[in-house]
Every structure is written in C-alpha cells, then in structure tokens.
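I opened a new page for this chain today.

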Amino acid sequence: MKSSETTSEKKLDQNQGNSKNKEKSTSEKAQGLRDLFENELKDIYWAEKELTNAIPKMIKNATSEELIEALTSHLKETKNQVDRLQQVFESVNVKAQEKKCEAMAGLVKEAIEIMESTAKGAVRDAGIISAGQKVEHYEIATYGTLASFARILGEDEAASLLEETLNEEKAADEKLSEISDAINLDAANQDL
Ligand SMILES: [Fe+2]
Ligand SMILES: [Fe+2]
C-alpha cells in the first residue's frame with residue numbers, strides 16, 4: 001500500500017514538474033467542493049455544446065434508420081440539455097461559462113476517426129454506436145457526480161435539473177444498446 005502511494009505521489013510531482021508553466025496560482029485552484037462543482041459544470045457545458053456539433057456528423061454517417069432516429073432524438077435532447085445547464089448556472093448564481101473538456105474532445109476525435117476508418121454501412125454504424133456509448137457513459141459519470149455534489153452543497157434545484165439530464169443520458173445509452181444487437185450482427189455478416 002505504502003509503495004503504491006509513493007509511486008502515485010511521485011507521478012503527480014513529475015506531472016506538476018512537466019507543466020510548471022501551466023501551474024495555476026493558488027487563487028485559481030478549486031478551494032473546496034463548490035469550486036470543484038462549478039469547474040466541472042463549465043466542463044460539461046463545453047462538452048454538451050461540442051456534442052451539438054458532433055452528433056449531426058454521426059447522423060450523416062449512419063445508415064440504419066433506427067440509429068439515425070435514435071441520434072436525431074438525442075441531438076434534440078442534447079440541445080435542450082445545453083439550455084438546462086444554463087438554468088443550473090442560474091440556480092447556483094454562476095455565470096454560464098465554458099471550459100474545454102479534454103475528455104470529450106478526445107471522445108469526439110475518436111468518433112471521427114472511427115467513421116473515417118470504416119466502410120459506410122453496418123460496420124460504420126456499429127462503430128458509431130460504440131463511440132456514442134462511450135460518450136453517454138462519460139456523461140452518465142459526470143452528471144451522477146454533479147448531481148451528488150449539488151445535493152451535498154444544498155443546491156436542490158440544480159440537483160434535480162442535473163438528475164433530469166442524467167436520466168436522459170441513461171435512456172440514450174440503453175437505446176443504443178438495444179439497437180446494437182441487430183446492427184452488430186449485420187456488421188459481422190458484412191465481414192463475410
Ligand atoms: Fe448530454
Ligand atoms: Fe448524451
């Protein structure tokens with residue numbers, strides 16, 4: 001136990017050393033759970049906006065009617081989630097601001113790479129579902145955490161709004177799982 005702690009502490013030290021110039025001043029660092037909550041809210045705000053640009057690309061590349069329908073309906077939900085986040089910011093008296101979410105930027109980049117490296121049809125559809133579910137799982141983790149932070153901070157209105165989005169992300173993930181069975185089977189046959 002002690003040795004693993006030492007290793008991770010060492011890694012953190014090294015990382016701090018590597019990004020010495022990017023090191024934030026103490027006043028910019030999250031001092032408590034409320035700061036952390038606000039930072040992560042800005043992060044998911046950027047991520048949702050990014051998704052309103054990325055999902056249309058996935059729709060354009062998809063061929064399965066069911067997949068196109070699922071993505072189109074989730075695009076509508078996603079636009080609504082951006083508005084809902086503005087309500088969350090308002091309810092906690094914080095200006096709605098975006099902060100680049102490196103994780104979502106990576107997931108979207110990966111989705112584009114998958115689409116570019118697959119033949120149009122069932123195989124690309126299967127790839128789009130795989131990329132889409134990674135996005136949904138990231139969102140589920142984020143909204144679950146944010147809702148929990150909001151409850152602890154006594155921000156019940158924000159918590160309820162965040163839980164509403166959390167449920168939409170879970171439903172979107174389940175929908176993709178549901179339609180993946182037939183598409184993956186088609187993709188397997190396309191290989192033959
Ligand atoms: Fe979302
Ligand atoms: Fe989503």
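**Entry 1: one leucine.** I started with Leu 67 and looked up what it touches, leaving aside residues up to four places away in sequence. The list reads Ala 62, Asp 125, Ile 128, Ile 129, Ile 179 and Ile 183. I noted that this is a predicted model.

**Entry 2: the core.** Next I asked which residues have the most contacts inside the largest nonpolar core. Leu 67 is one of them. Then I looked up where they come from. At least two residues each are supplied by α2 (33-61), α3 (65-91), α4 (102-116), α5 (122-152) and α6 (156-190). The most come from α5, which gives eleven.

**Entry 3: the whole chain.** I stepped back to count elements. I found six helices and zero strands. From the N terminus on, the order is α-α-α-α-α-α. The chain has 192 residues, and 30% of them count as buried. I also checked contacts with a separation of 6 or more: 75% of them are between residues 24 or more positions apart.

**Entry 4: α5 and α6.** Two packed helices are described by the angle between their axes and the distance between the axes. For α5 and α6 the angle is about 160 degrees, and the axes are 8 Å apart. Angles over 145 degrees count as roughly antiparallel, so α5 is roughly antiparallel to α6. Their crossing is left-handed. I sorted the residues of this contact by class: 17 are nonpolar, eight polar and nine charged.

**Entry 5: α2 and α3.** How do the axes of α2 and α3 cross, and within what distance do they come? They cross at roughly 160 degrees and come within 9 Å. That makes α2 roughly antiparallel to α3. I looked up the handedness too, and this crossing is left-handed. From α2, the residues that make the contact include Leu 41, Ile 44, Tyr 45, Glu 48 and Met 58. From α3, they include Ile 68, Leu 71, His 74, Val 82 and Phe 89. By class, the contact has 15 nonpolar, five polar and three charged residues.

Methods: Residues are numbered from 1 along each chain as its sequence is written. Chains are lettered from A and ligands numbered from 1 in the order in which they are written. This is a predicted model: local features need pLDDT of at least 70, side-chain atom pairs count only at pLDDT 80 or more; totals for chains, interfaces and linings use all residues. A nonpolar core is a set of buried Ala, Val, Leu, Ile, Met, Phe, Trp, Tyr and Cys residues joined through C-beta atoms within 7 Å. A residue is buried if 20 or more other C-beta atoms lie within 10 Å of its own, exposed if 12 or fewer, and partly exposed in between; C-beta atoms are placed from the backbone. Helices (H or I, at least four residues) and strands (E, at least two) are DSSP runs, numbered from the N terminus. Two residues are in contact if their C-beta atoms, placed from the backbone, lie within 7 Å. Axes are lines fitted to C-alpha atoms, for helices over the stretch in contact, and angles run from 0 to 180 degrees between N-to-C directions. Angles under 35 degrees count as roughly parallel, over 145 as roughly antiparallel, 65 to 115 as roughly perpendicular and the rest as oblique. A crossing is left-handed if the near helix is turned anticlockwise from the far one by less than a right angle, and right-handed if clockwise. Ala, Val, Leu, Ile, Met, Phe, Trp, Tyr, Cys and Pro count as nonpolar, Asp, Glu, Lys and Arg as charged, and the others, Gly among them, as polar.
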